4 protein chains.
Amino acid sequence: MDIQSLLEEIAGSVRPVAAAGEVADYIPGLSSVSADHFGICVATADGEIYGAGEWTSKFSIQSISKVFSLGLVLAGDGDRIWQRVFREPSGTPFNSLVQLESEEGIPRNPFINAGALVVTDRLITLTGDAGAAVRDLLRRESGNPDVAVDPLVAASEAEYGHRNSSLAHLLASYGNLENPVDLVLEQYFDQCALEMSCRDLAVGARFLSRNGVAADGSQFLSSSQTKRINAVMLTCGTYDAAGEFAYRVGLPGKSGVGGGIVAVVPGRCTICVWSPGLSKSGNSLAGMAALDEFTTRTGWSIF
Amino acid sequence: MDIQSLLEEIAGSVRPVAAAGEVADYIPGLSSVSADHFGICVATADGEIYGAGEWTSKFSIQSISKVFSLGLVLAGDGDRIWQRVFREPSGTPFNSLVQLESEEGIPRNPFINAGALVVTDRLITLTGDAGAAVRDLLRRESGNPDVAVDPLVAASEAEYGHRNSSLAHLLASYGNLENPVDLVLEQYFDQCALEMSCRDLAVGARFLSRNGVAADGSQFLSSSQTKRINAVMLTCGTYDAAGEFAYRVGLPGKSGVGGGIVAVVPGRCTICVWSPGLSKSGNSLAGMAALDEFTTRTGWSIF
Amino acid sequence: MDIQSLLEEIAGSVRPVAAAGEVADYIPGLSSVSADHFGICVATADGEIYGAGEWTSKFSIQSISKVFSLGLVLAGDGDRIWQRVFREPSGTPFNSLVQLESEEGIPRNPFINAGALVVTDRLITLTGDAGAAVRDLLRRESGNPDVAVDPLVAASEAEYGHRNSSLAHLLASYGNLENPVDLVLEQYFDQCALEMSCRDLAVGARFLSRNGVAADGSQFLSSSQTKRINAVMLTCGTYDAAGEFAYRVGLPGKSGVGGGIVAVVPGRCTICVWSPGLSKSGNSLAGMAALDEFTTRTGWSIF
Amino acid sequence: MDIQSLLEEIAGSVRPVAAAGEVADYIPGLSSVSADHFGICVATADGEIYGAGEWTSKFSIQSISKVFSLGLVLAGDGDRIWQRVFREPSGTPFNSLVQLESEEGIPRNPFINAGALVVTDRLITLTGDAGAAVRDLLRRESGNPDVAVDPLVAASEAEYGHRNSSLAHLLASYGNLENPVDLVLEQYFDQCALEMSCRDLAVGARFLSRNGVAADGSQFLSSSQTKRINAVMLTCGTYDAAGEFAYRVGLPGKSGVGGGIVAVVPGRCTICVWSPGLSKSGNSLAGMAALDEFTTRTGWSIF
């Protein structure tokens with residue numbers, strides 16, 4: 001398989017799709033991006049890197065950060081987090097309050113916003129600075145010391161993030177936050193506002209395809225923990241389209257409203273695609289199409 | 001009908017019920033009160049006042065304040081508020097977020113917390129200080145210039161009010177607040193934390209039994225507006241027990257978690273009962289029993 | 001007050017509204033009626049009858065029948081029915097399954113379809129034939145021995161009534177039916193398919209304005225039972241528009257998708273309006289407008 | 001890896017767990033089975049068969065049948081079924097009506113009861129007899145011509161199946177059934193009431209581990225269709241515990257309330273476990289534990 005040629009073909013065929021999506025408009029920092037960007041990068045478990053399109057351009061990683069904060073909490077704290085957050089698909093749009101209320105403050109999974117707030121809260125307790133912990137992990141794993149927050153996006157999140165504030169106060173009302181609401185929100189927004197390229201994200205997530213082995217060869221997560229993060233990505237990683245993603249792409253994946261998606265072929269590689277035009281389910285339209293084509297052409301579905 | 005004797009009989013017969021209820025425990029300022037207090041006052045439309053039990057003791061009026069802020073907004077602004085809040089029973093517990101989400105930020109009615117936050121927000125815009133406006137109305141109407149906030153309760157509300165903060169941020173996320181979230185919350189808590197006696201509340205609400213005529217003889221609300229506030233009280237005034245209250249008591253009424261209930265016999269009188277022990281639905285247990293007995297004995301149900 | 005002239009004025013002013021509504025289309029037997037009919041009748045507690053428009057034309061009473069089956073069950077069985085059905089407003093559209101599921105088979109009130117199926121089930125147990133019991137009550141009270149089922153509508157209900165079948169089976173799954181599902185459905189459809197005129201319904205419901213005294217002077221229901229039926233009508237009688245109805249009309253009322261509404265002025269009269277064009281909430285559009293005008297002009301709101 | 005020894009070890013270690021579960025009690029035909037049975041069988045893609053415990057005892061396959069009816073519909077009809085049923089996790093208990101109502105008659109996925117009724121309905125249209133079609137497929141694929149319905153269970157389903165009747169009528173009310181409700185229910189119950197052993201089910205499902213190749217070497221399903229059934233099993237196959245199953249077991253799997261679970265290791269084998277004691281989520285308690293241990297010991301998770 002000539003991966004480089006394949007990525008270039010995919011970049012050519014899916015770019016027209018990108019224009020059909022809608023760029024996220026809930027914060028000004030995201031809505032100013034044009035829909036028709038497209039980039040893709042594959043980072044293999046044994047160290048090769050392939051890219052096509054705008055694969056070195058930076059974008060807002062948004063909810064993709066949730067994979068890394070979860071990894072840090074599992075690495076630091078083992079399975080304790082599962083007493084404060086479930087790991088079931090939500091079956092409702094990604095930031096719904098309904099479930100949180102009917103299940104008394106235990107979020108359905110760590111990849112919906114409520115769940116990620118709980119994970120961030122725990123990471124603050126473990127490290128003192130959750131935003132810095134995620135940023136430093138991504139710097140180390142991607143090998144790019146310049147990974148940083150986009151201050152415009154971070155300010156937008158804080159200013160317009162009433163919905164996340166609502167979730168955080170609701171979690172606090174159920175006693176499911178250890179730290180002050182404002183601190184948790186600030187550090188949550190800091191993670192979401194990290195700017196990275198497809199290259200940096202594909203390389204930075206590579207431990208997920210290598211049984212938890214970090215860039216420096218150390219065991220960041222156990223093999224079992226890594227499989228389990230991948231399992232949660234598959235069942236919960238793409239908002240209310242997890243079934244669709246599993247059906248069409250057949251890989252664990254985590255998307256963000258900035259238009260990025262990171263997917264994992266266990267034992268083989270990680271893939272990061274980026275295109276800001278979103279489908280109704282909040283996932284990158286061209287990104288989904290690219291991953292669909294990638295697994296169809298390579299046969300690298302996990303099923 | 002000898003009202004004074006009737007009230008004394010009721011006070012005697014329902015006091016034992018009081019001990020069976022649970023005092024509200026969601027804020028420290030409320031939970032320190034003993035359950036077995038009981039007071040009742042009747043203020044007739046033509047100026048007589050009767051009371052029994054602890055009818056001159058002060059308690060936290062909590063959600064009963066919502067009747068008065070709604071009155072002020074209708075008086076100042078006419079029917080405009082109904083574009084921002086519905087007037088249907090909620091069918092779910094009193095501070096549920098579910099409905100607010102499924103109906104895109106329009107609260108079901110002005111007497112659930114979300115709706116009262118919207119009313120408070122409007123009252124801030126109309127008067128500059130919603131807390132002071134409600135307090136001053138109650139001073140004027142009750143004739144007691146000492147009506148004031150209990151600072152301990154107000155501080156408790158602010159510290160422990162995560163659920164109301166959650167609601168306010170959710171309203172803001174739907175664009176249904178005109179003023180900053182923190183200002184709306186502060187003035188909402190100020191209203192809820194007013195301390196009053198059964199006497200002051202029964203007298204203070206007398207305009208509801210007099211087609212809107214205020215204590216000074218002026219027309220505070222039109223006859224039609226007054227009837228409509230009474231209608232909203234009947235269908236929405238007692239959380240998820242509005243049907244039960246209509247069935248057993250048969251009067252428009254508004255309760256608060258401080259244990260007070262104000263009820264209206266149109267054209268005839270207002271009644272205020274207080275007993276801090278609450279039923280599961282959040283209404284005063286002995287208060288409901290007292291009103292039930294009152295309407296059974298007087299035949300003054302509206303049905 | 002010259003009631004006759006008033007009714008004629010109302011008939012003139014609201015008829016144009018009728019055309020704006022939508023005729024119920026869920027069964028063929030109802031959808032063939034034109035929207036722009038209008039009739040109104042007032043039957044006073046002391047025996048006078050006034051009418052205007054098509055007040056002697058027959059229409060399908062549909063859910064209005066639920067008031068009479070509830071009355072028969074309360075008369076025959078006292079308060080026992082309240083162990084099998086709540087009396088709270090539903091807060092959701094009139095035939096929702098959601099509530100029934102979350103509250104484990106206890107319908108929210110006797111006027112939503114699920115609740116009426118439970119009431120019908122009990123009436124079958126009490127009388128052997130619930131359809132005949134309701135029909136005979138209405139013949140007796142209206143003085144019209146020809147009150148009968150429209151066989152076309154009854155057949156339509158049975159053929160297209162999948163939603164009611166779904167509700168009945170769900171009730172059975174929770175053990176909240178005493179009789180076979182098919183029997184309950186058949187007799188429920190029989191009540192709904194009764195054909196009556198405004199005159200017959202206004203006269204037939206007169207016991208609700210007379211503290212339960214029947215046409216023959218006997219006490220069909222106690223005064224307390226009558227007040228309580230009126231209370232349930234006010235809080236639950238007009239589907240998801242009970243708050244709106246209380247606010248605008250200010251009377252206990254029960255509507256049907258055939259376009260009829262029966263309202264009660266306790267101690268004074270009953271009113272029946274009919275116009276088949278419905279609002280989104282399933283209530284007669286011109287009927288609501290006529291009742292609104294009636295209570296505004298007469299001042300006969302209960303508030 | 002000595003699979004035979006592994007299965008025997010697992011059978012020994014998990015049997016004590018079995019007693020902790022609750023046998024399904026919603027129909028008499030199921031509730032008479034003792035909880036502490038346990039059997040396990042592995043059928044490899046290249047034809048080997050291993051078993052331990054009561055792996056040749058027959059049990060009621062219940063919802064496991066849904067995998068086979070879905071396979072037959074996809075084989076006969078391609079992707080058309082996805083216009084009538086979604087393929088997203090439900091996020092609510094397995095037979096909830098809530099989702100069906102809020103999404104207007106389109107079931108969330110083909111493995112909840114509502115979705116399986118739609119699949120059965122389509123299979124009736126395609127074959128004339130859905131029950132026979134599933135039975136014959138399982139006879140062919142398992143090589144056991146005696147696979148048949150347990151008549152006691154089938155009769156129980158029909159008699160006590162009010163909840164499925166409720167679902168079927170609700171689907172019909174939305175126009176999402178092509179055949180009469182009673183026919184669809186009868187053939188749905190017929191599939192659920194099939195009796196099979198772990199051996200027959202593991203062998204009978206082997207096409208799922210062989211890219212769709214049937215027992216006779218023909219291509220029953222395309223490779224892509226097979227992957228997609230596996231994907232739907234992973235995200236939706238174990239009721240409200242799909243996330244938990246993916247996390248702990250890491251394989252596509254489908255469970256039934258009879259206590260069976262079929263899991264697939266793509267390219268390698270199928271596994272069937274049986275133990276009638278269920279967890280709260282309706283999945284076999286010892287079965288889950290056995291599969292957890294199996295994938296932990298073999299490392300054969302797909303993640």
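Mentor: Buried means under 20% relative accessible area, exposed over 50% and partly exposed in between, computed with a 1.4 Å probe on protein chains only. The model is predicted, so local features need pLDDT of at least 70 and side-chain atom pairs count only at pLDDT 80 or more, whereas totals for chains, interfaces and linings use all residues. Residues are numbered from 1 along each chain as its sequence is written, chains are lettered from A and ligands numbered from 1 in the order in which they are written, and side-chain values use heavy atoms, with hydrogens and water left out.

Trainee: Why does C:Y188 count as buried?

Mentor: The relative accessibility of C:Y188 is 3%, and the limit is under 20%, so C:Y188 counts as buried; C:F189, at 6%, also counts as buried.

Trainee: What makes A:F207 and A:F220 an edge-to-face pair?

Mentor: Rings of Phe, Tyr and Trp (its six-membered ring) pair if their centres lie within 6.5 Å, and planes under 30 degrees apart count as stacked, over 60 as edge-to-face and the rest as tilted. The ring centres of A:F207 and A:F220 are 5.0 Å apart with the planes at 90°, so this pair is edge-to-face. Both A:F207 and A:F220 are buried, and together with A:F68 they form one aromatic cluster.

Trainee: Why is the pair of C:Y188 and C:F189 called tilted?

Mentor: The centres of C:Y188 and C:F189 are 5.9 Å apart and the angle between their planes is 55°, which falls under neither the stacked nor the edge-to-face rule, so the pair is tilted.
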